[in-house]
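This report describes a ligand site and the charged pairs of the protein shown below.

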Amino acid sequence: MALLADLSVAAEPMTPVPFVVRAIRDELADTSTLELEPPDGSFPFAPGQFNMVYAFGIGEVPLSISGDPGDPARLVHTIRGVGAVTRALRRARPGDAVGVRGPFGTAWPIAQAEGRDVVVVGGGIGLAPLRPIIYYALAHRDRFERVVVLYGARSPSDLLFADEIQAWRGRLDADVLVTVDTAGRDWRGSVGVVTELINRAPFNPARSVVFVCGPEIMMRFTAQELVSRGVSPGAVHMSLERNMKCAVGFCGHCQYGSRFVCRDGPVCSYADLEPYLLIRGM
Ligand SMILES: Cc1cc2nc3c(=O)[nH]c(=O)nc-3n(C[C@H](O)[C@H](O)[C@H](O)COP(=O)(O)OP(=O)(O)OC[C@H]3O[C@@H](n4cnc5c(N)ncnc54)[C@H](O)[C@@H]3O)c2cc1C
Ligand code: FES
């Protein structure tokens, strides 16, 4: 597998291409994973990139790719239903068609982590854009020192990809720590916010590259905690969400400071984002 897919945008970036739904699986009460069949048989992408996915007749939304970059024959998106488009996509059935434009945007800079510790920090549905980088790191395990995954969700029933997390925890060459904000008495795991896992996690801050995705406030506190532990701000990367329309840097809908999230992101380093993250409401 190539380290990273070609990041150039498709020749017709504004034209959705119909992809047939091969399978759809409910993950949580409000979240499903959609598996799509690329019409060309292959859809190479780099971990961290996103597509514009179109529910025909309803609308189009940006969705990160949540599948395995080593398996480009399947395009996988994990979708939380929050509004008209995401709910329509969750109602898709095998054989239906959805439109796809992409892949767009920047990737998790995994090459920066070679020979270092890879630390992945996810909150809630933020684990979906991170899953491709976890697949990649585990498939190329010899390129990295430690592989550490820290994941937090609101409650045990909100844990995304619970079976896979269990499988990753069973590996001897990865450290996977999970926490929930609140839990009943039957939960035997950790309770607390994901930032509390950082001090318990086995990694060398001076030799780590960290990938973070979750609610913006969680990413801000996570980055601050990592930096206070000695990780360089340039080694902390996060994936931003903003309203998008064109996804190719024309319309300005996704502006964030001087950047367009669709073109200069969604993956950006904390070193670049810090001044904006400190401004409330950005
Ligand atoms: C680069 C990028 C990658 C993304 N990847 C994913 C992904 O992998 N999976 C996924 O489920 N979503 C992802 N999103 C968010 C997704 O695009 C939005 O949830 C979607 O645009 C909502 O559209 P809608 O028409 O369904 O809802 P709308 O009608 O637009 O919104 C319905 C309600 O949901 C709220 N809402 C809108 N967007 C969000 C949001 N991001 N989070 C929480 N509430 C929101 C609105 O304020 C409104 O109250 C991503 C966004 C970006 C920018
Ligand atoms: S969505 Fe149009 S500029 Fe980013």
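Which pocket is the space taken by ligand 1? Ligand 1 takes up the space of the largest pocket (an open set of points on a 1 Å grid over the protein atoms alone, where a 1.4 Å probe fits, with protein on both sides within 12 Å along at least five of seven lines).

The model is predicted: local features need pLDDT of at least 70, side-chain atom pairs count only at pLDDT 80 or more, and totals for chains, interfaces and linings use all residues. Residues are numbered from 1 along each chain as its sequence is written, chains are lettered from A and ligands numbered from 1 in the order in which they are written, and side-chain values use heavy atoms, without hydrogens and water.

| Residue (backbone atom) | Atom of ligand 1 | Distance |
|---|---|---|
| S64 | nitrogen | 3.0 Å |
| T78 | nitrogen | 2.8 Å |
| V85 | oxygen | 3.3 Å |

Taken alone, ligand 1 exposes 900 Å², of which the protein buries 66% (Shrake-Rupley method, 1.4 Å probe). Two or more residues of the shell come from each of β4 (59-64), β5 (75-80) and α1 (84-90), with β4 giving the largest share, four residues. Around ligand 1 there are 19 residues (a heavy atom within 4 Å), and P62, T78, R80, T86 and E241 come nearest.

The whole structure holds 16 salt bridges (a side-chain nitrogen of Lys or Arg within 4 Å of a carboxyl oxygen of Asp or Glu). One of them joins R22 and E35, with the closest N and O atoms 3.3 Å apart. Because R22 lies in strand β1 (residues 17-28) and E35 in strand β2 (residues 31-37), the pair ties together parts that are 13 residues apart in sequence.

Key: A polar contact is a pair of N or O atoms within 3.5 Å; within protein, one must be able to donate a hydrogen and the other to accept it, and residues adjacent in sequence count only if both atoms are side-chain atoms. On a 1 Å grid over the protein atoms alone, a cavity is a set of points where a 1.4 Å probe fits but cannot get out, and a pocket is an open set with protein on both sides within 12 Å along at least five of seven lines; lining residues have an atom within 4 Å of a point. A molecule sits in a cavity or pocket if more than half of its atoms lie within 2 Å of its grid points.
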